[in-house]
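Let's take a friendly walk through a protein model together. Have the sequence and the 3D view ready, and follow along one piece at a time.

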Amino acid sequence: MSLPGISIVFVHYKTPQLLLNAIDSVVEYTKGCNYEIIVVDNYSQDDSQKMITDKHPHVRWFSHSYNAGFARGNNLGISLAKFDYVLIINSDILLREDAISKSFEKYCELEKIYPIGLFGCKIISFEGQTLPSVHNHHTTIFSLLKKNAFWIKLFGEKSNRIYNASWYNTNHFAEHLSGAFLLFNKKRLNQKDLLLDEDFFLYYEDVEWCLRLYKKGFRHFYFAETYILHKDSGSTTVNIIKQRQILVSELLFIYKCYPRWYFILYYHLMIFNLNLDNFLEKRRFGITSNVLERKKIAQLISKTSKLILSCYKRVPSASMQMLKYEHTIN
């Protein structure tokens, strides 16, 4: 079939070699459709642009004057896309087959029948393991209960839901797809409140986006017949910063997607879990590094929760405000 063009959007921050490898693989393997490549650089302040455009002069490069994060970086790329079909894709991916054309063809086939929102494919690690990139559930109070020491004592840790191999090897609709590879028709998402919420700096913006579109009647599709390789957290080098950014973004997700009372209950359960774990550990081993770290996490949760309740709205925002761990929480 004859396909229209697709705009491929990368958001980049200080990983020029990973980005170059990703673009090399897109150019090498994408043969079945017309496309353009857009890079939105989040103020890398290095030679990334020259390194990429010297080898790939067709790449459209746009630079932010600050580190704008994943959501607003992608929203800028979407707004600049010359084609109606857009693929947002991580800079730490590699293609090993024409996954983009295969996905694009399947998407165009499905959208004639279903109200398709977002479309993702199988994601495999560089080491060859299938990554958990598609889900039929979101973070809830129940997610916290399963981490509670009393709950684990009663029901065991195996109560956590685990998807089997057939889940990842079969095409199906799902509630949540990974933000590492998301294809969509931007004409379907032509309202401001249907794009990524720019209050999120990094992490959980794809979860919130999927859930918000799902509630509005869109259906997300997981395509198991092609794949990409993904280097997990290729642009996050300091693990403690990553974990704390995930935590503050998780709290923002709960606030955005559930009632205020739910957020407050979620916050108190997080604190209770931490205090319970500290109580049990101190009884056995005294004050350990884990105990001290949990105290810091509890302080972070408390500060973040107060900040969210006082400064953020539940509607998707495109203000200059965003919840970034390094800048907002001491």
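## A loop residue to start with

Tyr203 sits in the loop between β10 (181-185) and α8. Helices (H or I, at least four residues) and strands (E, at least two) are DSSP runs, numbered from the N terminus. Although Tyr203 is not a glycine, its phi is positive, about 75 degrees. Its relative accessible area is 18%, so Tyr203 is buried; buried means under 20% relative accessible area, exposed over 50%, and partly exposed in between (1.4 Å probe, protein chains only).

This is a predicted model, in which local features need pLDDT of at least 70 and side-chain atom pairs count only at pLDDT 80 or more, while totals for chains, interfaces and linings use all residues. Residues are numbered from 1 along each chain as its sequence is written, and side-chain values use heavy atoms, with hydrogens and water left out.

Is strand β1 enclosed or open? Seven of the seven residues of β1 are buried, so the strand is largely enclosed by the rest of the structure. Ile6, Ile8, Phe10 and His12 point one way from β1, while Ser7, Val9 and Val11 point the other way.

β1 pairs with β2 in the parallel sense over seven bridges; two strands pair if DSSP finds at least two bridges between them. Within this pairing, Ile38 in β2 is the bridge partner of Val9. From β1 the chain crosses through α1 to β2, and this β-α-β crossover is right-handed. That term applies if, with the strands pointing away from the viewer, the path from the first strand over the helix to the second runs clockwise. β1 also pairs with strand β4 (residues 85-89), again in the parallel sense, over four bridges. There, Ile6 has Tyr85 as its bridge partner.

Val9 belongs to β1 and is buried, with a relative accessible area of 0%. Its C-alpha atom is separated by 6.1 Å from that of Ile37, 28 residues apart along the chain. Leaving out residues up to four places away in sequence, Val9 touches Ile38, Asn74, Gly77, Ile78, Val86, Leu87, Ile88 and Ile89, where contact means heavy atoms within 4.5 Å.

Lys14 lies in the loop between β1 and α1. Lys14 is not a glycine, yet its phi is positive, about 60 degrees. With 44% relative accessibility, Lys14 counts as partly exposed. Helix α1 (residues 16-29) has 14 residues and reaches 20 Å from its first C-alpha to its last, close to the 20 Å expected at 1.5 Å a residue. The expected span is 1.5 Å times one less than the number of residues. Among the buried residues of α1 are Leu19, Ile23 and Val26, and what covers its buried residues includes β2, α2 and α4.

Next comes another right-handed β-α-β unit, made by β2, helix α2 (residues 48-55) and β3. β2 (residues 35-41) and β3 (residues 60-63) run parallel and are joined by four bridges. In β3, Trp61 stands opposite Val39.

## Two nonpolar cores

Nonpolar side chains in soluble globular proteins tend to be buried together. Which residues touch the most other members of the largest nonpolar core? Of its 63 residues, they are Phe10, Ile88, Ile100, Leu118, Phe184, Leu189 and Trp209. Helix α4 (residues 99-110) gives the largest share of this core, six residues. Apart from it lies another core, of 31 residues, among them Tyr267, Ile271, Ala298 and Tyr312. A nonpolar core is a set of buried Ala, Val, Leu, Ile, Met, Phe, Trp, Tyr and Cys residues joined through side-chain atoms within 4.5 Å.

Helix α8 (residues 205-215) is mostly covered, with nine of its 11 residues buried; Trp209 is one of the buried residues. After α8 comes Gly217, with a positive phi near 100 degrees.

The 26 residues of helix α10 (residues 260-285) should span 38 Å at 1.5 Å a residue, and this agrees with the 37 Å between its end C-alpha atoms. Tyr267 and Ile271 are among the buried residues of α10. What covers the buried residues of this helix includes α9 (239-257) and α11 (289-311).
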